[in-house]
Amino acid sequence: MRIMERTFREQLFFLLMCLSVLKGDSRYIENNEILKDELYSFFNSELKRETPEEFMYRRPLRCLDMVAVEGRFTFTAERPQLSCAAFFTAEPNEVISVEYDNVDIDCEGGDFITVFDGWVMKGEKFPSSQDHPLALYERYVDYCDSGSLRRTVRSSQNVAMVFFRIHNAGSSFTLTVRKLVNPFPCNVISQAPEGSYTMVNPQQHRNCSFSIIYPVEIDISEFSLGHHDYNNFPKRSAPGCAESGDFVQLLGGNGIDTSKLLPISDLCVSFTGPTHMKVGCDNTVVRMVSSGRFVSRVSFSYRLLDSQDLQTLKLNNVEDFCFNN
């Protein structure tokens, strides 16, 4: 895999972690800086091996960490750690369960451990508030607030985060992480820069996004709305596509909040593809908006753009909003 030149645009993504310092007494870290190249190594490391069934994988949890397997992860503070976060990720068809255990922290002294249902980067959240089933305040679960009443937190999608602040050396806690099958995945962050995926919405009134945090070449091969079939109609939308209530958006930009990304194309008529595009953004998103009246389905494949592809896009002034933002 070629490593693209370091620009601000490329450093925004891929997420292992340089968090900005917490300000004031806020319990929630809203801004952080993530180096893309560091996260590549985590997604391709030994952490992605299968966990043997005969024992549970165990290792220390770091102040800045990425966890891609099930197991028990223990953090022990050697000194005050005031700005820590761990990113958890699973396969697209899985959700993540995080259980608190052996917690020895000083809640009254300002310590906290907070699970967030999704990811937060630079103040932006995935999934966006528009696409997540819970209100934003419900997505934060703080150990000091909930205590023994809620020791296990389950994510709504294949990513989750834990923020924590520890003031005293020797304080510690353990997190038990498990992955559970999600029969109808909705919002997904891709672990890989290439692959294929089919997103299905079984007549539910919700919006679902598949986020690829790389510049990619993408082929949308199929879009269908239940029994309706309009293969003779054009694939690309008219200006009133959003009024149909059921459509697919291709979005691009340099953040993770889909509500802040820019539209590249809308599809609101069933078709069998392909629709082929190269998107030079740090984040390419296939977003399905569903009224709940149909069983919606979209299939696509994607691959990482190499440096030559990106240079060609720049020279041709393609996806200018990605390169200039």
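Arg303 is partly exposed, with a relative accessible area of 32% (buried means under 20% relative accessible area, exposed over 50%, and partly exposed in between, using a 1.4 Å probe and protein chains only). Its salt-bridge partner is Glu217, at 2.5 Å from N to O; a salt bridge here is a side-chain nitrogen of Lys or Arg within 4 Å of a carboxyl oxygen of Asp or Glu. This is a predicted model, so local features need pLDDT of at least 70 and side-chain atom pairs count only at pLDDT 80 or more, while totals for chains, interfaces and linings use all residues. Residues are numbered from 1 along each chain as its sequence is written, and side-chain values use heavy atoms, with hydrogens and water left out.

**Salt bridges**

- The structure holds eight salt bridges.
- Glu217 lies in strand 18 (residues 216–225) and Arg303 in strand 23 (residues 295–304), so their pair ties together parts that are 86 residues apart in sequence. Strands (E, at least two residues) are DSSP runs, numbered from the N terminus.
- Glu217 is buried, with a relative accessible area of 12%.
- Asp131 sits in the loop between strand 10 (124–126) and strand 11 (140–142), and Arg287 in strand 22 (residues 283–289), 156 residues apart.
- Both ends of that pair count as buried: Asp131 at 5% relative accessibility and Arg287 at 10%.
- Arg72 and Asp101 form a salt bridge as well, at 3.2 Å from N to O. Arg72 belongs to strand 5 and Asp101 to strand 7, so this pair ties together parts that are 29 residues apart in sequence.
- Arg72 counts as buried at 18% relative accessibility, whereas Asp101 counts as partly exposed at 22%.

**Nonpolar cores**

- The largest nonpolar core has 29 residues, of which Leu61, Tyr100, Ile113, Phe164 and Phe173 touch the most other members. Such a core is a set of buried Ala, Val, Leu, Ile, Met, Phe, Trp, Tyr and Cys residues joined through side-chain atoms within 4.5 Å.
- Strands that each supply at least two residues of this core include strand 5 (71–76), strand 7 (94–104) and strand 14 (172–181).
- Leaving out residues up to four places away in sequence, Phe173 touches residues including Leu61, Phe73, Asp101, Ile113 and Phe164; contact means heavy atoms within 4.5 Å.
- Another core, of 26 residues, lies apart from the largest one, with Cys186, Met199, Cys208 and Ile212 among its members.

Terms used: Helix = DSSP H or I, 4+ residues; strand = E, 2+ residues; numbered from the N terminus.
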